[in-house]
Amino acid sequence: MTGARELVATLTRRGETVAAAESLTAGLVCATLAQVPGASAVLRGGLVVYATELKAALAGVDEQLLAEHGAVHPEVAAQLARGARERCGATWGLGLTGVAGPDPQDGVAPGTVYVGLSGPGVTTVRELAEPGDRDTIRTASVRAAFVLLGEQLD
């Protein structure tokens with residue numbers, strides 16, 4: 001499994017950078033990366049887009065997509081990732097959206113998470129169905145984002 005230390009080391013070695021647009025994790029991806037010494041060489045920044053309208057205003061997610069499908073949707077994760085990458089000038093963008101619970105959101109069950117990745121020649125989204133409480137779901141989401149990026153860097 002790829003952790004924050006491994007990502008920072010690999011990105012540093014490759015001369016690449018990362019940024020994130022985070023909804024349910026509310027900055028936890030960036031905060032976790034920033035705990036690693038040397039992260040300033042690779043972490044460009046992040047957007048906390050907890051409110052649905054900020055996904056459009058700050059990260060550039062299509063307003064019609066949000067109106068039709070809500071904030072928890074695979075294409076929203078992809079657009080968040082692209083928005084983070086473009087707005088922060090990073091090599092890689094991560095986008096996270098989902099329901100941490102305890103209640104459903106827009107009919108979507110807690111533990112449903114979409115993690116998007118945007119980078120050179122790639123845009124991909126991974127769906128998670130994580131059991132557990134809010135902290136467990138949010139932590140698992142960060143871990144899944146790191147794994148998804150790590151797979152592209154291998």
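Modeller: Gly93 is found in strand E3, where helices (H or I, at least four residues) and strands (E, at least two) are DSSP runs numbered from the N terminus. This is a predicted model, in which local features need pLDDT of at least 70 and side-chain atom pairs count only at pLDDT 80 or more, whereas totals for chains, interfaces and linings use all residues. Residues are numbered from 1 along each chain as its sequence is written, and side-chain values use heavy atoms, with hydrogens and water left out.

Biologist: What is the relative accessible area of Gly93?

Modeller: Buried means under 20% relative accessible area, exposed over 50% and partly exposed in between, with a 1.4 Å probe and protein chains only. Leaving aside neighbours within four places in sequence, Gly93 is in contact (heavy atoms within 4.5 Å) with Ala19, Ala81, Ala84, Arg85, Gly116, Leu117 and Ser118. Gly93 is buried, and its relative accessible area is 0%.

Biologist: How many of the residues of E3 are buried?

Modeller: Trp92, Leu94, Leu96 and Gly98 point one way from the strand, while Gly93, Gly95 and Thr97 point the other way, and all are buried. In a regular strand the side chains alternate between the two faces of the sheet. E3 is largely enclosed by the rest of the structure, because the buried residues number 7 of the 7.

Biologist: In what order do the strands of the open sheet lie?

Modeller: Two strands pair if DSSP finds at least two bridges between them. E1 and E3 run parallel and are joined by 5 bridges, with Ala19 opposite Gly93 and Glu22 opposite Leu96, whereas E3 and E4 (residues 112–119) run antiparallel with 6 bridges, Val115 being the partner of Leu96 there. The open sheet has 5 strands with mixed pairing, in the order E2-E1-E3-E4-E5.

Biologist: Which strands stand at the edges?

Modeller: Each edge strand has a single partner strand, so one side of each is left without a neighbour in the sheet. The edges are strand E2 (43–48) and strand E5 (122–129).

Biologist: What angle does the direction of H5 make with that of E3?

Modeller: Axes are lines fitted to C-alpha atoms, for helices over the stretch in contact, and angles run from 0 to 180 degrees between N-to-C directions. Helix H5 (residues 74–88) packs on the sheet and touches E1, E2, E3, E4 and E5. The angle between the direction of H5 and that of E3 is about 145°.

Biologist: Which elements do the buried residues of H1 pack against?

Modeller: In helix H1 (residues 4–14), the buried residues are Ala4, Leu7, Val8, Thr10 and Leu11. They pack against strand E1 (18–22), helix H2 (28–34), strand E3 (92–98) and helix H6 (134–153).
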